[in-house]
Amino acid sequence: MSDDTPYEPDRVEGVPHPRHTEQLFGHAAPERTVLEAWNDDRMHHAWLLTGPRGIGKATLAWRIARFLIAGPERGGMFGGSDTLDLPPDHPVTARTRALSEPSLFLMRPTLSPTGTERRDITVDVARGLRDFLHMSATDGGQRVVIVDAADQLNPQAANAILKLVEEPPARTTFLLIAHAPARLLPTIRSRCRTLALQPLNATDLGAAIEQAGLEPSVDAASLSQLASGSVGEAARLLQEDGPKLYADLVALAGGVPEIDRQRLLKLTTGLNGAAGRGKMDALARLLDLLLSRLARQGAGLPPDAEAARGEADVLARLAPDANAGRAWAELAAEVSARIAHGRAVNLDPSSLVLDSGLMINNTGRATVRG
């Protein structure tokens, strides 16, 4: 198995790593697909798990890995397995949780020799995979490779994976997690069977959040709207008091065309330095969310539910028609680009948020009068 270090870029801070998650919510169909393939002895050697970040792709990958390594009976006259579940006290469960399972290799970004946190999966990790595959399976059973995430493979590592999925070693299953599968080499995609996972509904999101030990400050329906059905995004927002931040943004938008500047100034407190990075990340995403929802409202596609109290009235007033929708869509792109550029060149985060608030006020003034 790959090196076990405290650096775990495939885990959302504050919640358990996917290998520790016992239950998977909202993805019964892709689980059934895998079980049918196993029971019918049609198991593909490479699976591509796609969908937005944080919806449970990695949790499913770990469930599949444990199931395959445990070597359950296939179908036939006894019906085969009907679940990917393994008991918590199963030896494979214990070993995968401890990252000590000899039949499993995890590819993810690692620390550099100097201790720098890498954002890509580099070729040295791919070399470790090659060494892993050169070893025989300890008991002749299945070997599993999890790539989390495949869209973080650098070109050299991607080419190494390509050769392996083209000519797969015996008894080896690749599970490639991809948040943006379009970034993968087409030749990798074409050799994988795809499991397309969808964002969670409010009920499943609420159950997953409870399992993660988080205590939301808003109801599951609102949180689902804020996080777009992503457990990972919901966890990140809750850690930064995201529901309140979004409620403040909606309240500010409700004041357009005379935005409450004191309230806007208050929103910018605590954004500077490393301590404010998480709040600034959350604010940037929530600004984009608000502008996107305004654009959709103008396009005749209002959200299914409010993400904050009173949001529906604000959206309806500021985005009454298609012209307004286009204006908000253009502003969403502009604000996103300005914030990204400003942060890249270390501009004051507070000024970026102030600037964004004033741009919302100006656009809203035009759409309301429109």
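Me: In E3, which residue is the bridge partner of phenylalanine 105?
Reply: The model is a predicted one. Strand E2 (residues 104-107) pairs with E3 in the parallel sense, over four bridges. Within this pairing, phenylalanine 105 has as its bridge partner in E3 valine 145.

Me: In E4, which residue is the bridge partner of arginine 143?
Reply: E3 and strand E4 (residues 172-178) run parallel and are joined by six bridges. Arginine 143 has as its bridge partner in E4 threonine 172.

Me: Are H1 and H2 roughly parallel or roughly antiparallel to each other?
Reply: The axes of helix H1 (residues 28-39) and helix H2 (residues 57-70) come within 11 Å and cross at roughly 20 degrees. Angles under 35 degrees count as roughly parallel. The two helices H1 and H2 are therefore roughly parallel.

Me: How many residues of the contact of H1 with H2 are charged?
Reply: From H1, the residues Pro30, Glu31, Val34, Leu35 and Trp38 meet Leu60, Arg63, Ile64, Phe67 and Leu68 of H2. Of the residues in this contact, eight are nonpolar and no polar residue is present, and the number of charged ones is two.

Notes. Residues are numbered from 1 along each chain as its sequence is written. This is a predicted model: local features need pLDDT of at least 70, side-chain atom pairs count only at pLDDT 80 or more; totals for chains, interfaces and linings use all residues. Side-chain values use heavy atoms; hydrogens and water are left out. Axes are lines fitted to C-alpha atoms, for helices over the stretch in contact, and angles run from 0 to 180 degrees between N-to-C directions. Angles under 35 degrees count as roughly parallel, over 145 as roughly antiparallel, 65 to 115 as roughly perpendicular and the rest as oblique. Contact means heavy atoms within 4.5 Å. Ala, Val, Leu, Ile, Met, Phe, Trp, Tyr, Cys and Pro count as nonpolar, Asp, Glu, Lys and Arg as charged, and the others, Gly among them, as polar. Two strands pair if DSSP finds at least two bridges between them.
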